[in-house]
Amino acid sequence: MKISYSWLKEYVCFDLSPKMLADKLTSAGLVAAGIEPFGDDYCIDLEVTANRSDCMGIIGIAREVAAITKGSLQLPCTDISREGDGDISQNVKVDVKEPLLCSQYTARVIRNIMVKPSPEWLQKRLKCIGLRPVNNIVDITNYVMMESGQPLHAFDLDKVSGGQIQVRKAESGEEIVAINGARRVLFHDMLIIADEKRPIAIAGVIGGKETEVTDVTRNILIECARFEPRQVRRTSKSLGIVSDSSCRFERGVDPLGLDFASKRAAKLIIEHAGGEMCKGIIDVSANRIEAKKVVLRIERVKKILGVDINRDVILDILRSLQFKILNCADTFIDVEIPGFRGDVSREIDLIEEVSRIYDYNNIPAKTSIGIRGSKKSKYEIVENLIRNNLTGLGFYETKTFSIVNHAFLKGVNLWSGEDVVEIANPLRQEESILRTSLLPSLAKVKIHNANHACEKVKLFEIAKIYLKGEKLPHEKVGLSLLDSAGFFEGKGIVQSLLKNLKIHEKCEWVAFHEKTRLFNNEKAAKILMDGKTLGYIGEASKELGFKTLCTLIELDVDALVEKAHFDKKYCEPSPYPMVKRDFAIVVDEEKTWASIEDCINGANISIVKEVNYFDIYRGKQIPEGKKSIAFNLCFQSYERTLKSEEVDDASAVILDALYKKLGAELRTQ
């Protein structure tokens with residue numbers, strides 16, 4: 001938003017240089033991007049945020065300057081000196097067919113004007129802010145727009161077919177040639193201004209070439225309207241036409257400022273182009289505007305800003321910004337919000353207004369504002385530990401969509417069988433159900449990476465899955481992992497995760513042979529803890545189409561949170577050395593490592609500190625129906641250095657227990 005320094009001084013008296021003015025406005029939230037001299041004037045370029053539509057006119061900036069400098073705002077006169085005998089209703093009819101998109105449309109008619117170049121002072125002001133003078137009528141509508149922030153448009157009334165103005169949606173295929181010469185094909189969702197025959201303007205964006213004001217124009221219609229901001233923005237973007245008008249309508253204009261802008265333009269036109277204005281005004285309004293009212297608590301101002309601002313100072317600031325004070329008490333102020341401040345609707349907005357005019361520099365940096373730190377929930381702690389652990393192991397976190405294709409989950413029945421939660425009104429049929437597992441999404445990410453020459457990836461995701469319930473879906477937080485390695489490395493990752501979460505309960509790894517397209521049934525397991533399912537692990541099946549070995553894991557985060565412990569306890573290490581012994585035993589094929597581990601721990605040998613599995617073998621040295629499992633035992637005492645005979649005796653007890661309970665024999669070849 002560019003403003004003229006001398007033009008601004010017409011509305012507010014202040015004694016600030018352009019540089020000082022720019023600094024003051026910047027402190028108040030209107031950042032001055034630059035100052036350029038223009039003859040004996042200065043052009044100040046201000047960065048106006050999207051919510052401050054009131055500052056898209058010089059009067060709005062003058063209002064800010066008056067509040068900052070404690071001056072008074074002087075609005076220009078809008079009294080019209082003379083009116084003609086004719087009534088406006090005899091010259092034009094207005095029909096608003098889309099009241100939701102055009103909530104107010106006003107029209108004034110001025111007859112017998114003389115189109116000529118604008119006076120020197122007007123041209124100079126327009127040039128200072130970067131606008132090109134055209135003629136007195138067009139220049140005045142631009143001048144009033146830059147002055148008030150309300151766009152206007154002047155039609156050559158004699159070129160408006162039938163004297164009929166229609167505010168309607170375009171018919172697909174209609175065309176218009178804009179004032180700038182651009183020809184555009186219109187679509188059915190675009191709002192236009194039309195006469196009886198054709199579109200004559202694109203509502204809120206730009207006027208049409210066929211009804212523009214030219215040197216031979218004698219009668220004009222002044223349009224001043226309020227269009228729906230989103231409609232204007234969509235149309236502007238679709239057609240690739242951005243104008244000063246569209247920029248203002250997109251932000252929203254003052255619903256109570258249309259009459260001021262229309263009368264101001266009519267007064268200037270009569271003064272500089274002659275003519276007579278027809279009696280009356282056409283004003284088609286869809287609804288009555290109710291002023292917003294907000295209660296401002298004095299104590300709340302102090303609590304938010306951390307500084308005690310006197311109530312009278314607050315009142316002065318609000319009045320200087322033209323907020324209406326309805327009621328004033330010791331503890332609160334009732335405030336009516338003016339129509340041009342569409343950005344103010346809450347108490348906190350009023351506090352912001354007070355603070356920026358009071359000047360942020362006057363608010364001490366060190367205050368008594370209390371900041372209360374929130375304690376992380378157990379869920380957050382567990383999720384952060386999981387993320388840190390997995391990223392430390394080289395995994396990358398992914399985020400995928402919760403809504404998936406039904407075929408995507410076909411054959412994936414880990415948590416809920418074949419039941420799925422269907423969406424009643426999906427945007428697309430391809431995305432019509434809520435996922436019951438995260439693993440298919442990770443598989444899709446893996447394939448995407450493989451297609452881009454990145455075969456080996458390590459991925460994980462923490463997100464919700466949705467299981468069918470009686471009325472509403474049951475939401476479960478899941479953790480899924482995809483590792484470019486084998487089953488046992490994946491198992492080690494799960495064990496590492498449990499260890500970091502201080503989960504000491506024993507896991508049972510049960511062979512998982514249920515039919516699913518995710519896992520290779522020969523190398524898949526269900527993970528149980530205290531008899532409940534903690535998750536699933538398995539090498540990826542060939543059906544997924546991976547070219548490299550991958551292991552898929554899915555765990556129940558809710559269960560992990562329930563079992564996790566964060567109490568840290570110091571365990572004094574033994575000062576005596578550890579003794580390791582490796583063993584390879586031959587057992588029946590159906591015997592699991594879990595049963596072997598249980599048997600060893602059940603022997604209750606006090607000096608056994610660790611039992612670690614490290615290999616499995618099937619081959620010609622092993623009888624059919626048997627397998628060889630290799631593991632090591634770690635022996636250690638807190639009281640003495642162990643003798644070889646003690647370790648041998650303990651080993652013999654363990655091997656004897658394995659033989660009696662599981663039929664395990666020590667492998668000799």
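**View 1. Asn 521 in strand β27 of the predicted model****.** Strand β27 spans residues 519-529 and includes Asn 521. The relative accessibility of Asn 521 is 29%, so this residue counts as partly exposed, a class that lies between the 20% limit for buried and the 50% limit for exposed. Beyond its neighbours within four places in sequence, Asn 521 contacts Phe 512, His 513 and Glu 514. Ala 540 is 19 residues away from Asn 521 in sequence, and their C-alpha atoms are 9.2 Å apart.

**View 2. Asp 343, a position in a UniProt "binding site" annotation****.** The unreviewed UniProt entry lists Asp 343, Asp 349, Glu 352 and Glu 353 under this annotation. Asp 343 sits in the loop that runs between β19 (332-337) and α11 (347-358). Its relative accessible area is 17%, and Asp 343 is therefore buried, the limit being under 20%. The side chains of Asp 343 and Arg 341 are joined by a polar contact of 2.8 Å. With residues up to four places away in sequence left out, Asp 343 touches Asn 51, Arg 52, Asp 54, Asp 349 and Glu 353.

**View 3. Glu 352 in helix α11****.** Glu 352 has a relative accessibility of 43% and so counts as partly exposed.

**View 4. Domain 2 and domain 5 of the chain****.** Domain 2 covers residues 83-285 and domain 5 covers residues 579-666. Taken over C-alpha atoms, the centres of domain 2 and domain 5 are 92 Å apart. The other parts of the division are domain 1 (2-69), domain 3 (293-361) and domain 4 (378-563).

Conventions. Residues numbered from 1 in each chain as written. Predicted model: local features only at pLDDT ≥ 70, side-chain atom pairs only at ≥ 80, totals over all residues. Heavy atoms only, no water. Helix = DSSP H or I, 4+ residues; strand = E, 2+ residues; numbered from the N terminus. Buried < 20%, exposed > 50% of the residue type's maximum accessible area, 1.4 Å probe, protein only. Contact = heavy atoms within 4.5 Å. Domains from an automatic or database assignment. UniProt positions renumbered as here; feature names shortened; annotations may be inferred. Polar contact = N/O pair within 3.5 Å; in protein donor to acceptor, adjacent residues only side chain to side chain.
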